[in-house]
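Hello,

Here is the structure we talked about, for you to open alongside this message. My notes follow below it.

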Amino acid sequence: MLAELPLLNRPDLLLIPNRMPAPGEQFRFHFDMSKCIGCKCCVVACNEQNGNPAELNWRRVGELEGGVFPAVQRLHLSMGCNHCVEPSCMSGCPVEAYSKDALTGIVSHNADTCIGCQYCTLNCSYGVPQYNEARGVVGKCDMCQNRLSQGSSPACVNACPEGAISIEIVNVEEWKSGLMAAGNAPGMPSALDSISTTRITLPDNVLPDLDRVDRERVVPQHPHLSLVLVLVFTQLSVGSITAIWASHLAGAVLPVWAAIAAFAVGALALAGAPAHLGRPIHAVRAWRNWRSSWISREVITLGAFAGLAQAYAAALWFQVPQADMVGAAAVVAGFVGVYSSSRIYLLKARPAWNTGFTIADFFLTALSLGFLAVAPAWGAAMMVAQLALQIARFDAMRTAEEFERNATASLLTGVLRGPFVARFVLGAASVGLAFLSPMAAFALAVAGEIASRWLFFASVVPKSMASTFLKPGGAR
Amino acid sequence: MKPLNWKRLIGIDNLRNEYAYADDAVLGYTSARRSADRWVKTTCGYCSVGCGMEIGTRDGKAVAVRGWEGHPVNLGKLCPKGLAEHHMLTAPDRAVHPLLHGKRVAWNLALEALVSRFRNIQKQHGADAIGVVSTGQLLTEEFYTLGKLIRLGFGTSSFCGNTTLCMASAAYGYKRSFGSDGPPGAYEDLREADFIMLVGANIADNHPILCQHVEANRDKFLVVVDPRVTKTAMLANLHLPVKPRSDIALLNGMAHVILREGLANREYVARHTSGFESLQSFLSAYTPQLVSELTGIAPETIVDVARRYAGARAGFIGWTMGVNHSTQGAETVNVINNLALLTGHIGRKGASPFSITGQCNAMGTRETGFTSSMPGYRKFESVQDREDLAALWNLDVNRIPARRGLAYPDIIDAAAEGKVKGLWIIGTNPAVSYPNQGQLRKAFANLEFLVVQDAFQPTPTSEFAHLCLPAAVWGEKEGTYTNSERRVGKANVAVQPPGEALPDFDIFLRVARVLGCKDEIFPNWTQPEDAFNEWRRVSEGRLCDYSGITYELLEKVGGVQWPYTGEGDPAGVSRLYADGRFQTEDGRAQLYCVPCEPYPDQPDEEFPFVLNTGRTVEHWHTRTKTRNVGVLEHMAPNAWLEMNPADGKRLGLRSHDFVTLVSRRGAVNRLELRLTEITAPGQVFAPFHFFESNVNEVTQDACDPISREPNFKQCAVRVERSLTHRS
């Protein structure tokens with residue numbers, strides 16, 4: 001794309017490289033925090049350049065403060081995309097909407113390919129990809145690569161009155177082997193998360209307590225209700241097929257409709273899954289990136305589970321002798337599916353999710369609900385394990401040193417306290433009722449797991465670059 | 001409820017075209033929505049920096065703006081407001097029809113109502129019973145026309161502008177020290193000075209484009225005097241966090257050190273100033289020790305700053321509202337001027353006492369105005385000046401007013417007392433910007449007829465209006481703005497005003513026609529250039545000489561500094577008083593003895609905090625414009641209150657709590673609390689942009705006896721938790 005960059009006699013063009021990257025190199029942003037005055041011209045220029053609505057800012061400016069009056073430091077962090085060496089947006093994207101240019105290293109996103117699953121918005125530690133609700137697709141900074149290819153500077157570089165933003169060439173190996181410290185700054189999640197390439201120049205004598213000013217503005221995240229239902233009901237389906245299969249192996253005789261119902265719940269949940277996409281019509285593409293995306297793997301394995309569960313139900317119906325074999329295959333596919341589902345959420349960008357608790361949580365949802373429907377004693381035991389796990393998870397958050405995990409705990413005991421308590425009351429009640437009224441116990445348990453998964457999404461505190469003190473868009 | 005969009009629901013990308021890109025011939029690769037078929041050069045309509053810019057239009061609509069490459073003021077850059085200025089033109093609340101008592105009327109009926117109601121009031125209650133308050137947002141041509149219309153046509157002296165809430169103290173300070181208004185320096189001085197002191201001026205938030213001049217200056221020592229750790233303080237080599245309103249003490253203390261250590265420019269003082277002896281004895285009391293007690297700044301720091309300023313090759317002192325918004329505002333300007341005169345830091349490259357103005361045309365209104373002085377900085381009290389104007393205008397000299405009328409706050413007070421019965425508010429929004437809103441509401445309640453002429457409708461002020469007149473705004477009208485450094489810039493028409501809105505110039509001429517004075521005071525005028533050409537003649541030979549400035553020249557060089565008579569390089573940089581000759585009778589500048597007095601609204605047990613108000617970079621004044629620009633409103637969506645964490649802890653308040661400010665005059669609700677070390681213990685800060693949480697409910701309308709500028713700063717308040725709780 002970029003042939004030879006014409007260097008005109010314009011000062012802003014001194015802020016972009018006058019050659020293309022050589023092999024082993026790529027373009028990157030340099031942000032000079034010591035020059036930035038916090039005017040936010042870059043944000044406005046970026047929105048104008050890309051025709052974005054007010055609430056989408058592909059470049060953002062965060063505020064940092066440290067010190068004690070009057071020896072105070074106020075600094076600003078301006079950031080677009082970090083055009084990472086190992087972009088997590090790209091590896092997680094199920095439809096290969098992202099690409100990293102082989103020559104320039106620019107990570108760009110193709111809106112035509114995007115199905116609006118928003119996984120990339122969860123996956124980036126810097127909060128770069130943003131979902132355009134009106135359009136149903138994600139968008140992000142592409143370093144104005146088409147401007148660069150014309151030899152003109154990106155909109156943010158061009159707009160900055162202080163010349164604080166520039167484009168430069170980085171040697172990727174040198175960067176990875178030690179120089180990456182210059183990619184870190186207060187208010188910026190670790191450059192290691194996905195090998196961010198942005199270089200940040202800090203002023204001299206940065207105060208040790210310099211920190212982002214939005215720390216106390218922790219608010220619940222979007223609960224993604226359709227995802228909550230898809231997860232709980234696919235897990236319920238996997239769990240109940242497992243329970244039915246195990247019961248059969250143990251010699252119990254269960255009505256065939258149980259297997260049909262178990263299959264149907266999972267199939268319905270999977271059929272409903274595209275509802276959470278911005279572009280459901282293109283949901284079929286979601287298997288495409290099976291090499292690196294856990295979403296693609298989830299789609300494939302849960303799809304296989306649905307097929308095998310259906311075959312299992314049919315085998316039971318027709319009393320096929322090999323039914324147990326088919327059931328075993330369905331259980332294996334289901335377990336791989338639940339595992340894939342859980343791995344989707346093991347993200348550096350979401351510390352409260354990024355633990356083994358998430359995997360255990362998803363499996364215990366599957367097994368507790370599945371067995372409560374079929375073998376209440378086993379189900380109650382699984383539910384006790386699930387509640388114990390939730391307590392252990394909360395305690396791990398509460399005592400964690402990491403800000404985001406800690407903040408998750410404070411959300412759970414703060415604004416989310418109601419649903420958090422309800423989750424335990426429902427779970428405990430289901431255990432208590434398991435022998436008196438298995439149907440009621442099952443219903444309460446499903447409600448409890450839905451509340452739990454809702455809290456899973458609502459209480460996660462994402463890593464992101466520093467924001468402003470005021471919540472963009474308003475306090476209400 | 002939005003209608004169901006089935007295409008969006010199933011995921012067809014029906015906004016693909018809206019997010020398409022184009023390779024624009026001027027802008028390069030950019031959003032296709034910004035592709036313009038015509039570019040119009042103009043000057044920004046927000047602040048007084050006066051940035052050159054271009055508006056791109058397509059099919060008669062403004063679709064993009066960009067900085068004017070190589071423009072001497074902004075070097076092609078714009079601030080965030082300027083970068084999105086065109087979005088304000090299509091705001092949903094643009095005023096489009098005249099409204100009389102809330103009902104749409106034709107222009108002729110609207111203007112007949114205005115004239116007949118005002119004339120009736122004048123017949124019954126005297127000529128001065130109608131008041132007019134306009135704005136530094138008007139173009140010079142418009143303001144010049146309005147001045148003649150009001151003082152010669154309507155004949156009322158109750159005429160003022162919102163510049164009195166802003167720059168009056170600077171204007172009066174200059175007049176008292178130098179014999180005339182007019183900032184002596186230029187922006188180039190910010191690049192050339194080796195010592196810069198900014199007093200009560202947060203340019204990083206309010207004049208961000210000036211920062212590039214400051215930052216381009218690598219040899220400077222920058223001192224920022226501000227009680228709060230502003231963004232500007234962060235640029236400084238030395239920040240002096242003075243106690244509120246102790247700037248006079250600091251400046252007097254510097255002068256004391258300069259005299260004590262023999263650092264004054266004795267030759268300059270002897271040749272070009274009056275009042276040195278009395279100043280010298282007056283200043284003897286302002287020892288660093290005393291000044292340290294008053295300001296909270298260490299004595300050795302005061303000595304150091306004084307030595308640095310006096311020893312500088314070129315010393316620059318700039319200021320804005322921290323100085324002006326004070327009952328001693330004009331006098332504070334005099335103390336700044338004292339320093340410049342004692343050291344000779346004036347009239348040279350880099351050396352100036354420099355008032356950084358507020359609105360885009362505050363300067364033009366000061367020069368052409370008929371408010372605090374007559375056009376061309378002429379004095380009401382000067383017989384010669386009145387005769388000059390009578391001759392220029394072919395009028396009997398008795399028609400020329402011999403006194404200044406009421407200033408803005410006095411017009412409001414007179415209305416509250418029932419003396420002013422009719423009021424015409426043009427392009428300003430006192431229901432947000434005026435101090436002590438209770439008093440303003442009292443004034444509005446007493447009015448028989450309130451006319452509000454504005455580009456937006458409704459505004460908080462137009463809610464009180466009997467008659468609303470829809471006006472064109474920046475981008476829709478032609479004329480000139482004069483910026484802080486006396487540079488005249490051209491503003492041009494890019495698009496037509498919406499609906500029936502008219503340029504203010506046209507409205508004024510139409511009123512004159514209904515009033516019957518059009519042919520007499522605006523003979524053969526049809527367009528703004530007619531006013532400009534008359535103004536050029538009227539200003540000829542004055543300090544603010546525009547005689548050599550033409551529209552063609554402005555288009556060509558992108559702004560010309562006055563005085564310009566047509567000789568020399570129009571693009572060159574000019575400074576006033578290079579020869580040390582001032583505009584006083586004897587040509588000498590006057591030194592003033594100014595005591596540092598306590599501010600009027602002192603904190604006590606009931607109101608323990610000192611409130612300071614100000615701005616943020618995203619918004620312009622009362623937000624009639626910027627709240628309509630989505631990206632700006634998104635970044636600064638609501639009002640807040642800054643408080644030191646130690647005070648917050650004591651009061652049991654946390655960041656993001658909603659708090660209420662209460663003063664002796666009123667209360668303001670739902671400010672989002674920000675506990676921060678950028679504000680000193682015992683002080684709080686709030687922006688004044690937000691009508692939803694209007695901090696001017698609590699501010700005071702005590703005014704400077706000289707400039708009549710209100711003391712917006714230093715107001716005693718207490719802070720309570722709002723009844724509506726956390727966010």
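**Aromatic rings**

F505(B) and W525(B) are both buried. This is a predicted model, and every value in these notes was computed from it.

A pair of aromatic rings is described by the distance of the centres and the angle of the planes. For F505(B) and W525(B) the ring centres lie 6.4 Å apart and the planes meet at 15°, so the pair counts as stacked. F505(B) belongs to helix α21 (residues 504–515) of chain B, while W525(B) sits in the loop between α22 (518–521) and α23 (528–539) of that chain, so the pair ties together parts that are 20 residues apart in sequence. Both residues also belong to a cluster linked by ring pairs, which includes Y144(B), F370(B), W393(B) and Y551(B).

Over all chains there are 42 aromatic pairs. Another of them is F335(A) with F363(A): the centres are 5.3 Å apart and the planes are at 55°, so this pair is tilted. F335(A) is in helix α10 (residues 323–344) of chain A and F363(A) in helix α11 (residues 356–374) of chain A, so the contact ties together parts 28 residues apart in sequence. F363(A), at 17%, counts as buried because the cut-off for buried is under 20%.

Charged groups also sit over rings. R59(A) lies over the face of F29(A), 4.7 Å from the ring centre. In chain B, the charged end of R94(B) is over the ring of F456(B), at 5.7 Å from its centre.

**Salt bridges**

The structure has 53 salt bridges over all chains. In one of them, the side chains of R664(B) and D601(B) meet at 2.5 Å, N to O. R664(B) is partly exposed at 39% relative accessibility, whereas D601(B) is buried at 5%. Salt bridges with shared partners join D601(B) and R664(B) with D604(B) and R665(B) in one network.

E267(B) and R271(B) form a salt bridge within a helix. Their closest N and O atoms are 3.5 Å apart. Both residues lie in helix α10 (residues 266–272) of chain B, four residues apart, which is about one turn of the helix. E267(B) and R271(B) are both exposed. In chain A, R405(A) forms a salt bridge with E402(A), with 3.0 Å between the closest N and O atoms.

**Cavities and pockets**

Rolling a probe the size of a water molecule over the atoms shows where empty space is left. There are 14 cavities of 30 Å³ or more. The second largest cavity holds about 200 Å³. Its lining has 18 residues, and among those closest to its centre are K40(A), E63(A) and W640(B). By class, the lining of this cavity has five nonpolar, three polar and 10 charged residues.

The second largest pocket has a volume of about 720 Å³. Of its 29 lining residues, those closest to the centre include A233(B), M234(B) and N237(B). The largest share of this lining, six residues, comes from β3(A). The pocket lining divides into 15 nonpolar, seven polar and seven charged residues.

Regards

Definitions and conventions: Residues are numbered from 1 along each chain as its sequence is written. Chains are lettered from A and ligands numbered from 1 in the order in which they are written. This is a predicted model: local features need pLDDT of at least 70, side-chain atom pairs count only at pLDDT 80 or more; totals for chains, interfaces and linings use all residues. Side-chain values use heavy atoms; hydrogens and water are left out. On a 1 Å grid over the protein atoms alone, a cavity is a set of points where a 1.4 Å probe fits but cannot get out, and a pocket is an open set with protein on both sides within 12 Å along at least five of seven lines; lining residues have an atom within 4 Å of a point. Grid points are joined across faces, edges and corners, and a volume is the space filled by probe spheres set on the points. Ala, Val, Leu, Ile, Met, Phe, Trp, Tyr, Cys and Pro count as nonpolar, Asp, Glu, Lys and Arg as charged, and the others, Gly among them, as polar. A salt bridge is a side-chain nitrogen of Lys or Arg within 4 Å of a carboxyl oxygen of Asp or Glu. Helices (H or I, at least four residues) and strands (E, at least two) are DSSP runs, numbered from the N terminus. Buried means under 20% relative accessible area, exposed over 50%, partly exposed in between (1.4 Å probe, protein chains only). Rings of Phe, Tyr and Trp (its six-membered ring) pair if their centres lie within 6.5 Å; planes under 30 degrees apart count as stacked, over 60 as edge-to-face and the rest as tilted. A charge sits over a ring if NZ of Lys or CZ of Arg is within 6 Å of the ring centre and within 35 degrees of the ring normal.
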